[in-house]
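This report goes through one protein model, from its overall layout to a few details. Please look at the sequence and the structure shown below before reading on.

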Amino acid sequence: QHGITYEETPRDAFETLDEWFESGNAEAITETNASMYSIIHSTGNSTPIQMTVYDIAGEVFDFAEADLQQQQFRYCEGFLIVIDPTASAVYVSETIANFINSLDEIMGKQTTKAATVPVAAIITKSDLYKREIGLPRIRATFRDLENSESGALGYSDYLNHVCCTFLTNHGFDNAVNLIELEFSNIRYFPVSAMGHAMEEGQYEPWGVLDPVFWLMSHENCQLREIVKQS
């Protein structure tokens with residue numbers, strides 16, 4: 001909708017993101033706790049709505065100290081699990097398992113609340129695998145499927161199928177099983193944050209907004225009423 005104003009906080013963190021986007025040089029996250037990015041949306045006289053993203057390095061889940069517990073898990077309205085297909089499948093599975101264990105410890109192992117929170121499982125660096133999970137490729141094969149007699153899947157289900165098949169074929173079947181066993185509301189997305197290799201200039205991202213808009217489409221997200229995908 002028109003008429004939305006917004007405030008980014010902390011401002012210096014967003015300025016760093018801008019520098020990374022323009023230069024194509026991004027730094028690895030080394031913090032042992034979550035980096036927080038907040039955007040406060042306002043529309044006229046309505047109560048402002050804040051969207052906060054907690055960015056957590058996977059290495060955080062290598063540690064079990066109580067002071068590193070991610071207490072924001074208690075009120076998160078969605079999770080984004082980033083899977084790097086160039087990383088070790090064993091390490092990715094261990095990280096996801098540790099994340100789930102941390103989540104269970106904080107939320108309570110008997111609760112089903114965590115299981116119902118929507119999860120966007122992102123396959124990052126997908127520009128390296130365009131022939132398998134590039135969005136033009138997926139859309140083209142989906143159209144072919146639609147035109148055939150066997151075209152029974154909707155696009156979102158087909159996208160999930162393609163992404164899960166890709167992960168399984170590349171040895172990440174255990175990671176998929178861990179996610180599927182813990183959560184009930186999952187969508188998979190191929191994403192390229194940079195759109196090219198490191199140090200090749202300004203970012204040319206694709207697919208990055210799809211998981212965000214999907215998470216925002218759920219009833220528990222107040223932003224879905226004022227921010228709509230065109």
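## Overall layout

Which pattern does the protein follow when read along the sequence? The pattern is β-α-β-β-β-α-α-β-α-α-α-α-β-α. The secondary structure comes to eight helices and six strands; helices (H or I, at least four residues) and strands (E, at least two) are DSSP runs, numbered from the N terminus.

The model is predicted: local features need pLDDT of at least 70, side-chain atom pairs count only at pLDDT 80 or more, and totals for chains, interfaces and linings use all residues. Residues are numbered from 1 along each chain as its sequence is written, and side-chain values use heavy atoms, with hydrogens and water left out.

## Surface and contacts

The protein has 230 residues, and 37% of them count as buried. Buried means under 20% relative accessible area, exposed over 50%, and partly exposed in between (1.4 Å probe, protein chains only). The accessible surface comes to about 13500 Å², with 49% of it belonging to carbon and sulfur atoms; areas come from the Shrake-Rupley method with a 1.4 Å probe, and for residues only the protein chains shown count as cover.

Contact means heavy atoms within 4.5 Å. Of the contacts with a separation of 6 or more, 68% are between residues 24 or more positions apart.

## Helix 2 and helix 7

Helix 2 (residues 89-107) packs with helix 7 (residues 173-182) at an angle of about 20°, and their axes are 8 Å apart. Helix 2 is therefore roughly parallel to helix 7. Axes are lines fitted to C-alpha atoms, for helices over the stretch in contact, and angles run from 0 to 180 degrees between N-to-C directions. Angles under 35 degrees count as roughly parallel, over 145 as roughly antiparallel, 65 to 115 as roughly perpendicular and the rest as oblique.

On the helix 2 side, the residues in contact are V92, S93, I96, A97, I100, L103 and D104, and they meet N174, A175, L178, I179 and E182 of helix 7.

## Helix 5 and helix 6

Helix 5 (residues 135-147) and helix 6 (residues 155-169) pack at an angle of about 120°, with 11 Å between their axes. These two helices are therefore oblique to each other. Helix 5 contributes L135, I138, R139, T141, F142 and L145 to the contact, and helix 6 contributes Y155, Y158, L159 and V162.

## A buried glycine

Where is G24 found? G24 lies in the loop between helix 1 (11-23) and strand 2 (35-43). G24 is buried, because its relative accessible area is 0%. The C-alpha atoms of G24 and Q202 are separated by 4.8 Å, although these residues are 178 residues apart along the chain.
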